[in-house]
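Thanks for coming, everyone. Let's take a quick walk through one structure. Have a look at it first.

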Amino acid sequence: MFGSKKTPEEKAAAARMSKIRGASASAGVTMMGGKFKAPNQMDVPVEGAHITIERGEEAKARITATRVALTGIFAIWLKKDMNQLFITIEGAAGEVLIQPVPARKEAQARVLATLVNGESTGINPTSPEL
């Protein structure tokens, strides 16, 4: 009568997006309109995304195709800061976003990764078994 009623699935999806929005803000990752965003990079939709977290020393050992695509041949000479984490967000359609985050925010970054990856792998972080 007064507007549309949300189904339980829609309410659960809205609650999940709210949790992810809060976790991304605390980790230092921008999320607006259901997409992760960063300057001069592709937007990555939250739905179907997968997050990988690397410490600077781990990331230093390899040069990713994404870095080469973003910076060209200069990727070889780019230094990665050892006091940072690098969050790589990969979308279902091949979009990639790399976000540097201070190492002191590792716990918040891991919470964000768990929320995003847990749903995509079928693990429900709010289930009573966990």
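Start with helix α1, residues 8-27. Helix α1 lies across β1 and β2, at about 150° to β1. That angle is between N-to-C directions, on a scale from 0 to 180 degrees, with axes fitted to C-alpha atoms, for helices over the stretch in contact. Helices (H or I, at least four residues) and strands (E, at least two) are DSSP runs, numbered from the N terminus.

A word on the source: this is a predicted model, where local features need pLDDT of at least 70, side-chain atom pairs need 80 or more, and totals for chains, interfaces and linings use all residues. Numbering runs from 1 along each chain as its sequence is written, and side-chain values use heavy atoms, without hydrogens or water.

Now the sheet. Three strands form an open, antiparallel sheet, ordered β1-β2-β3. Strands pair if DSSP finds at least two bridges between them. β1 (30-32) and β3 (44-45) are at the edges with a single partner strand each, so one side of each has no neighbour in the sheet. Between β2 and β3 there are 2 bridges. F36 has V44 in β3 as its bridge partner.

What does I20 touch? Leaving out residues up to four places away in sequence, I20 contacts (heavy atoms within 4.5 Å) M31, F36, V46, L112, L115 and V116.

Last, the hairpin. β5 and β6 pair antiparallel over 7 bridges. F86 sits opposite P100 in β6. Between the strands are 5 residues, and G94 takes a positive phi near 95°.
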